[in-house]
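Please examine the sequence and the three-dimensional structure shown here before reading the report.

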There are 2 protein chains.
Amino acid sequence: MFESAELGHAIDKETFDAAVPALREALLEAQFELKQLQRFPVIVLINGVEGAGKGETVKLLNEWMDPRLIQVSTFDQQTDEELARPPAWRYWRQLPPKGQIGVFFGNWYSQMLQGRVHGYIKTAQLDQAIDGALSLEQMLCNEGALIFKFWFHLSKKRMKARLKELHEDPLRSWRISPLDWQQSKTYDKFVRYGERVLRRTSRDFAPWYVIEGADEYYRSLTMGRILLDGLQAALKAKAPPVSPPHSAPLTASFDQISLLDSLDLSQQLDKLVYREQLDIEQARLATLLRDKRMRRHSLVAVFEGNDAAGKGGAIRRVAAALDPRQYRIVSIAAPTEEERAQPYLWRFWRHVPARGKFTLFDRSWYGRVLVERVEGFCQPADWLRAYGEINDFEEQLSDAGVVLVKFWLAIDQETQFERFKERENTPFKRFKITEEDWRNRDKWDAYREAVGDMVDRTSTTIAPWTLVEANDKRFARIKVLRTINDALEAAFERR
Amino acid sequence: MFESAELGHAIDKETFDAAVPALREALLEAQFELKQLQRFPVIVLINGVEGAGKGETVKLLNEWMDPRLIQVSTFDQQTDEELARPPAWRYWRQLPPKGQIGVFFGNWYSQMLQGRVHGYIKTAQLDQAIDGALSLEQMLCNEGALIFKFWFHLSKKRMKARLKELHEDPLRSWRISPLDWQQSKTYDKFVRYGERVLRRTSRDFAPWYVIEGADEYYRSLTMGRILLDGLQAALKAKAPPVSPPHSAPLTASFDQISLLDSLDLSQQLDKLVYREQLDIEQARLATLLRDKRMRRHSLVAVFEGNDAAGKGGAIRRVAAALDPRQYRIVSIAAPTEEERAQPYLWRFWRHVPARGKFTLFDRSWYGRVLVERVEGFCQPADWLRAYGEINDFEEQLSDAGVVLVKFWLAIDQETQFERFKERENTPFKRFKITEEDWRNRDKWDAYREAVGDMVDRTSTTIAPWTLVEANDKRFARIKVLRTINDALEAAFERR
């Protein structure tokens, strides 16, 4: 894999000097167009052997291009806010917005390679990390991101020579960090695992470019040209073709029986029983959240449901049990400008709770496969791939100790009609009901189908859906509270 | 100060039940209007004695109002990302956007009171913290925020009784945290220092409301009504009247001699000397940033200057010296939607570097007293108060160990004309020059005056301005690098 990058590629200074002005001009123009269009972000991953010019290349990029539109992110030691969340959180929070270039210098590849080389993880875990990286990149690419993965290489001999040479130059010796010296001892391992990583993660949507780093002119010119070609091609391509995946469509239930129809919506709770159980379940939740074992977990509760199904009321009954220091309610509405400039899941990643904390989502990432699907706000290709992306996302949450409960609050059409009428007649509830709510009733069947698909495709053992019979608000609230409590208890007992 | 709140205020259940529906309705409507107008944020500070119902009140707010538009923030132990930055950073990052309500439960007041009660700080430092709180609130208020400061109070006797009563109820005993018990021992100190804080921080723009907390009905109704009155009044008031402060205008220099005229713009550096000094100063900077003492500091460099004065080139020469892991270039352009929903300085606070890091601002918070003043993008009242707010901001940076250097790159009109022409004729620089740049030349004198005022009012010993003679780019770059190096060295020697 690295053979071509150990041949001693070199370019003389004249050739370099002659080529640079045109290259620079073209790069700047591409960058300017990228900014004007604001259609996609560019992510540049910088990896490879120490001493092969990674840092210099990043600097050169900043010199050749407009550094104000380049955001260099580095990922050293995790901060405690990062350590309290799933590992990918630190990358999500640094993603460049559309129109900009993000250089990830030190990234998921460096992290997994360091981990394997120093023996903190085994090869099986390295492979898991590789899979995670691929899913992330696939998703980013589907969201329009243009990804460049550069591996700067040096043969072992050349690496040692280069470190020595840098070390002896008093004006440049500051360029060598202690890490560089350390790596000269682990070169063989690093390159062996590096090869494994490159082999498994070079994909059409995000290929690796291995560049020999010994000669500054060769390295810089090669990198610059790859970047330019990729940028120009992506800018020229009109909006990326979005065609539904080459697969059979989701099957509608041919017998018209859906999961939602199987619910017994007549279930209800008597007021006195309700009061009693509410007290019990609220106290139970409060106790569970104060449990020492909660320090290893966090809690995410997702509330979806028909309009007027009582999401707000249920959320309030859960929150009422708790110390406001522990929870946060995140209400998902139209995305902001900063959110629209990012991949779909970004707006949810930013609210992932730290360990020990609890986030309640009033509507959630399922918007894509519910309202966006039904209303046609996104392409079929987008919501079809969302199922997989959501499962990936939830697995990452779960792996990091997040206890995840998801509720669909179901009511029937008559109940909804009554509640809409009641809202219209109650002054302080009037603002809750709009023309749109009435219009949405026409799409009842489409929503039912979407909910069925959603549950079939995203109800997993690590993040099951709970369908809540919500014609009776009291019954629904108790079921919600009890489900959360049971999930927390089960998680505490599991480890 | 607390006398009225120890009288045993109480309301019977019937009165409460009769009053709540109308109150709730009015609150919801006010909240809805707040959201529709998106004109200002509401900040609710919750403080007071433990056991006086602070937590319950926050919960009640969430029950009465739409919890999706209320964001409860709590400030316990600082995270390491927070500890690495000025103390106020954690509050800035949680400010509610316009149209929303932010409840700060645990805030700057709780922090200073805990600190004083437990003896971590002396009274003089408490007073400094009080001053800081007032400046922050004054600024928030000037930016349109509506601030409520609630102090929930209990006499010592009642507090003890209440803790006991909660403790004995098995279903409610989870409401008492270890902190509650601790506070019953420190009650006297807490109330004594609390009084000092309230006395000094009750201002027309953000008065305290002391509410007796013993009776749940009285407490809730009182709080709800204060909130409602305040909200309705603020919503009714048309856009807050912005009149310039009652003071003499900034004096123009009557003799037409300005600071900028005193610069010797003919200074230049020979190419060979430049190369040599560039190497020396870059190596010096790299060494300084690797110094162990840098761990106690961070570095912020602000670049302002005439159009085409060479800010970008100077920034690149600084960055070229460094490991890209250490610095970040933040380029200030038009604010995003999320930034527009926040006070002016918010967009800069979010980029304040952590300890050990270096942020270069390509244009900065001085935009308000430069371009916004000259172009009339903001009211005179806004840019006039900005000088003070900026000095406060920079003092907070400095107190937290941030080394702050600020550059104005000055060129004369002829040099600017030549550079504009050159840009137009250089293909890859063409995008740097627009019609607007040419238009701005007509405002040369207005900018000169603004720069003079800016330097006079914000060049302080903790954050001095450096005027850089930039007709010769080489001279300017060396002066910039050397100034940064000198500032870092001085800071290292200081402590």
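The model is predicted: local features need pLDDT of at least 70, side-chain atom pairs count only at pLDDT 80 or more, and totals for chains, interfaces and linings use all residues. Residues are numbered from 1 along each chain as its sequence is written, chains are lettered from A and ligands numbered from 1 in the order in which they are written, and side-chain values use heavy atoms, leaving out hydrogens and water.

In chain B, 5 strands make up an open sheet with parallel pairing, in the order E2-E3-E1-E4-E5. Strands (E, at least two residues) and helices (H or I, at least four) are DSSP runs, numbered from the N terminus; two strands pair if DSSP finds at least two bridges between them.

Chain A can be laid on chain B with an RMSD of 0.0 Å by a turn of 180° and a shift of 0.0 Å along the axis, by least squares on C-alpha atoms of residues with pLDDT of at least 70 in both. The two copies are thus related as by a two-fold rotation axis.

The largest nonpolar core has 113 residues, and Phe150(A) and Trp365(A) have the most contacts inside it. Such a core is a set of buried (under 20% relative accessible area, 1.4 Å probe, protein chains only) Ala, Val, Leu, Ile, Met, Phe, Trp, Tyr and Cys residues joined through side-chain atoms within 4.5 Å. Helix H9 (residues 216–236) of chain A gives the largest share, 9 residues.

Definitions and conventions: Buried < 20%, exposed > 50% of the residue type's maximum accessible area, 1.4 Å probe, protein only.
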